[in-house]
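Please look over the chain shown here and read the short report that goes with it.

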Amino acid sequence: MKEDYYKILGVSKGASASEIKKAYRKMAIKYHPDKNPGDSAAEEKFKEAAEAYDVLSNPEKKSRYDQFGHQAFQGGGAGFGGGMNMDDIFSQFGDIFGGAFGGFGGFGGGQGRRVVKGSNLRVRVNLTLDEICNGVEKKIKVKRKVLASGATFKTCPQCNGKGQVTRVTNTILGRMQTSSTCPSCSGSGQVIDNRPNGADENGMISKEETVKIPIPAGVVDDMQLKVSGKGNEAPGNGISGDLLVVINEVPHKNLQREGDNLHYELYVSIPDAILGTNKEIETVSGKVRIKIESGMQSGKILRLRGKGIPSINGYGSGDLLVHVNVWTPKTLDKKQKQFFESMTDNEHFEPKPESSEKSFFDRVKDMFS
């Protein structure tokens with residue numbers, strides 16, 4: 001089981017953004033590969049700290065993590081997931097280290113050279129309630145940019161592979177030196193050398209690819225998952241972007257979702273409500289039979305525990321709430337009408353609510369308790 005992100009950085013849930021950043025910098029410097037050459041355990045700690053910071057430093061990701069835990073990022077990870085590498089960390093968080101290791105834009109003190117990351121792609125995936133309840137692996141076709149076969153790159157002549165250009169200007173205060181990202185290679189230190197036919201100016205072509213997307217049970221509408229490395233590739237020695245998967249929940253014809261709970265509207269006839277019966281109802285795990293006690297009142301809510309949606313945090317499942325509605329016929333034949341007319345003053349048909357009968361507001365309160 002993955003360790004809690006707050007525990008990894010050694011901060012509390014109420015820690016401020018500056019405290020989280022400070023804690024990450026301390027961990028990153030402690031376990032940095034340059035300080036621990038050949039130490040695989042330290043490298044793993046370094047990656048764990050980066051993944052924790054990627055989530056906790058982002059307000060949206062932090063909110064999802066606080067609500068759903070690690071389950072919120074299944075299918076691609078909270079930040080880098082299984083596709084994390086050192087270039088990815090340094091390209092995104094290199095500024096955190098300041099001058100602690102002589103500056104990094106890339107792994108191992110790249111003297112300002114940064115790793116270029118391909119752009120992300122976004123897709124929306126439709127899921128039925130059954131798929132949400134059980135989890136599913138989806139296969140979708142994605143058109144992404146990939147490096148063309150035969151494309152080669154060479155060291156950028158303008159910055160000599162450093163990714164930065166330095167300018168010296170004379171001012172009234174003397175000579176001043178400034179550095180900026182190289183405009184020719186955008187900081188990667190490389191420019192295209194051989195461009196195959198059909199490739200763009202960066203040596204990229206469009207290619208359709210089938211991507212497998214593992215989706216955990218319990219996801220919610222508009223939740224975003226990430227499949228690392230399945231976005232557009234980057235030219236040269238860059239790293240691929242990510243595929244962002246947005247969940248679209250398809251409404252169910254009989255079941256209505258509310259968080260992890262499900263609601264089902266059950267209509268019974270007056271004779272069934274008076275005499276009692278058994279009814280078959282639909283759930284996400286198949287059909288079940290429930291008992292309607294004799295004298296069942298309209299508005300009664302029957303709770304089937306554990307028949308709802310699995311919690312994405314792994315804390316069991318919600319319930320299925322069956323709302324019983326006694327159906328009043330809109331038309332009657334002569335004989336039926338005469339029967340009910342004869343019952344007008346019958347004491348058995350007079351409303352006599354007992355103290356145990358809950359009001360509508362009490363029933364609503366119970367639903368959310």
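This is a predicted model: local features need pLDDT of at least 70, side-chain atom pairs count only at pLDDT 80 or more; totals for chains, interfaces and linings use all residues.

Residues are numbered from 1 along each chain as its sequence is written, and side-chain values use heavy atoms, with hydrogens and water left out.

**Cores**

Start with the inside. A nonpolar core is a set of buried Ala, Val, Leu, Ile, Met, Phe, Trp, Tyr and Cys residues joined through side-chain atoms within 4.5 Å. Buried means under 20% relative accessible area, exposed over 50%, and partly exposed in between, with a 1.4 Å probe and protein chains only. The largest nonpolar core holds 61 residues. Leu-9, Ile-213, Leu-243 and Val-322 have the most contacts inside this core. Helix H3 (residues 40–56) gives the core its largest share, 8 residues. Apart from this core lies another, of 6 residues, including Cys-159, Val-165, Cys-185 and Val-191. In soluble globular proteins, nonpolar side chains tend to be buried together.

Contact means heavy atoms within 4.5 Å. Beyond its neighbours within four places in sequence, Ile-213 is in contact with residues including Val-125, Val-136, Leu-243 and Val-245.

**Helices**

Helices (H or I, at least four residues) and strands (E, at least two) are DSSP runs, numbered from the N terminus. H3 has 17 residues and reaches 24 Å from its first C-alpha to its last. That is close to the expected 24 Å, where the expected span is 1.5 Å times one less than the number of residues. Buried residues in H3 include Phe-46, Tyr-53 and Leu-56. At the start of H3, a side-chain oxygen of Asp-39 comes to within 3.1 Å of the backbone nitrogen of Ala-41.

Now helix H2 (residues 17–30), where Ile-20 is found. Ile-20 counts as buried because its relative accessibility is 3%. Not counting residues up to four places away in sequence, Ile-20 touches Leu-9, Val-11, Ala-15, Tyr-53, Leu-56 and Lys-62.

**Sheets**

Two strands pair if DSSP finds at least two bridges between them.

| Strand pair | Sense | Bridges |
|---|---|---|
| S8 and S9 (residues 243–249) | antiparallel | 4 bridges |
| S14 and S15 (residues 320–327) | antiparallel | 4 bridges |

In S9, Leu-243 is the bridge partner of Val-227. In S15, Leu-321 stands opposite Arg-303.

**Loop residues**

Most residues other than glycine have a negative phi, and most peptide bonds are trans. Asn-160 has a positive phi, near 55°. Asn-160 lies in the loop between strand S3 (152–155) and strand S4 (164–171). Is Asn-160 buried or exposed? Asn-160 is exposed, with a relative accessible area of 59%. Asp-222 also has a positive phi, near 75°. Asp-222 lies in the loop between strand S7 (204–215) and S8.

How values were computed
A polar contact is a pair of N or O atoms within 3.5 Å; within protein, one must be able to donate a hydrogen and the other to accept it, and residues adjacent in sequence count only if both atoms are side-chain atoms.
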